[in-house]
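Let's walk through this structure together, one step at a time. Keep the sequence and the 3D view side by side as you read.

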Amino acid sequence: SEPGPAPEPALRLHPRAVKTVLRRARLVDPFFVGKYSYSPYHACAHGCRYCDGRAERYWVEGEFDRDIVVRTNAVELLRAELGKARERGIVFIGSGVSDAYQPPEEEARLMRRSAQALVERGFPATLLTKSSLVRRDLDVWAELNGKAGFLLMMSLVTLDDGLRQVFEPGASPIEERLATLAAFRQRGVAVGVAAMPLLPFLSDGAAETARLFRRLSEIGVDFVLPGGLTLRPGRQKEAFLATLRTARPDLVPRYAELYAENRPSGAPLAAYARDAHSRALAACAEADL
């Protein structure tokens, strides 16, 4: 019989004490509405093949989805820095290069203690994740919601779990994420979905987005933020195209044309981006989102 696929290489965790963990923004982030940002990890074991965090501009040491920095003193610093903050504001939990509930969190449990620190200090928070592991700490997040306010944002770009397995191999299955959104909603916590990036010719079609947004509407999500795929020249684009060549070689020429300009931002051809945005807005309207 033919050999099966090679096993994924093991994670390499790098425990590291850091000097500070709470970043204060000059302006409130327009997407995730955070005055502060916080993440107990650096790099991400979800290994999403399209992740912008792979790009050279973010400089992640080692392999992006295998060498994970664990900020061992993050919770203690968070509690101390919140206590010294001159201005109250929303703490955005997550970053462009990490997910606070990625696989190492299952044992490290830094986020449960982080949530408790936010409750103690009375700071509101927004959290963005691809992981259903956040449901483990629903009781603490619900407590924070009652005291200061909490918003859960789930990253979700398709209802096709086969597609998820290819492009988001380490992230939670789709149905688990949907169930997590419903569980938080039932506890009175506001929930939203970052439907970004919708993948060209894979998950950004009118039918695909309509199905996704209808399902989210049935759950009762408060909003959806759709967005398209950017492929920055270099590691990010190379990682995505390598996966595409294996999973959908028929789409490689179409992507080559769509991203032929190699813009530093990674943006596709403007006409396609406009059309995709229009399709997403129409799907939102149809689903009453």
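Eight aromatic pairs turn up in this predicted model. Here, rings of Phe, Tyr and Trp (for Trp, its six-membered ring) count as a pair if their centres lie within 6.5 Å; planes under 30 degrees apart make the pair stacked, planes over 60 make it edge-to-face, and the rest are tilted. Tyr 255 and Tyr 259 have ring centres 5.9 Å apart and planes at 15 degrees, so they are stacked. Both of these tyrosines, Tyr 255 and Tyr 259, are buried. They also belong to one aromatic cluster, formed by Phe 167, Phe 201, Phe 240, Tyr 255, Tyr 259 and Tyr 272.

Before going on, a word about the ground rules. Residues are numbered from 1 along each chain as its sequence is written. Because this is a predicted model, local features need pLDDT of at least 70 and side-chain atom pairs count only at pLDDT 80 or more, while totals for chains, interfaces and linings use all residues; side-chain values use heavy atoms, with hydrogens and water left out.

Now step back and view the whole chain. How many helices and strands does the chain have? There are ten helices and ten strands, where helices (H or I, at least four residues) and strands (E, at least two) are DSSP runs numbered from the N terminus. The radius of gyration of the chain is 19 Å, close to the 19 Å that the globule rule gives for 289 residues, so the chain is as compact as a globular protein of that length. That radius is taken over C-alpha atoms, and the globule rule is 2.2 Å times the number of residues to the power 0.38. Along its principal axes, the C-alpha trace spans about 55 × 45 × 45 Å.

Of the 289 residues in the chain, 51% are buried. Contacts (heavy atoms within 4.5 Å) also tell us about the fold: among those between residues at least 6 apart in sequence, 80% join residues at least 24 apart.

Next, look at some backbone details. Most residues other than glycine have a negative phi, and most peptide bonds are trans. Which two residues does a cis peptide bond join? They are Met 196 and Pro 197, with omega at about 5 degrees. Pro 197 sits in strand 9 (residues 190–198).

Gly 228, in strand 10 (residues 223–228), takes us back to this spot. Leaving out residues up to four places away in sequence, Gly 228 touches Pro 197 and Leu 198. Gly 228 and Met 196 are 32 residues apart in sequence, yet their C-alpha atoms are 6.0 Å apart in space. Gly 228 counts as exposed, at 56% relative accessibility.

Ala 43 has a phi near 75 degrees and lies in the loop between strand 4 (41–42) and strand 5 (67–71). At 1% relative accessibility, Ala 43 is buried. Arg 109 has a phi of about 55 degrees, and its loop runs between helix 2 (105–108) and helix 3 (110–121). Is Arg 109 buried, exposed or partly exposed? With a relative accessible area of 37%, Arg 109 is partly exposed.

Lys 35 lies between strand 2 (23–24) and strand 3 (36–38) and counts as buried at 13% relative accessibility. Not counting residues up to four places away in sequence, the residues that Lys 35 touches include Arg 23, Glu 87 and Ile 90. Arg 263 is in the loop between helix 9 (252–258) and helix 10 (270–286) and is partly exposed, at 31% relative accessibility. Arg 263 and Arg 232 are 31 residues apart in sequence and 7.0 Å apart in space, C-alpha to C-alpha.

Notes. Buried < 20%, exposed > 50% of the residue type's maximum accessible area, 1.4 Å probe, protein only.
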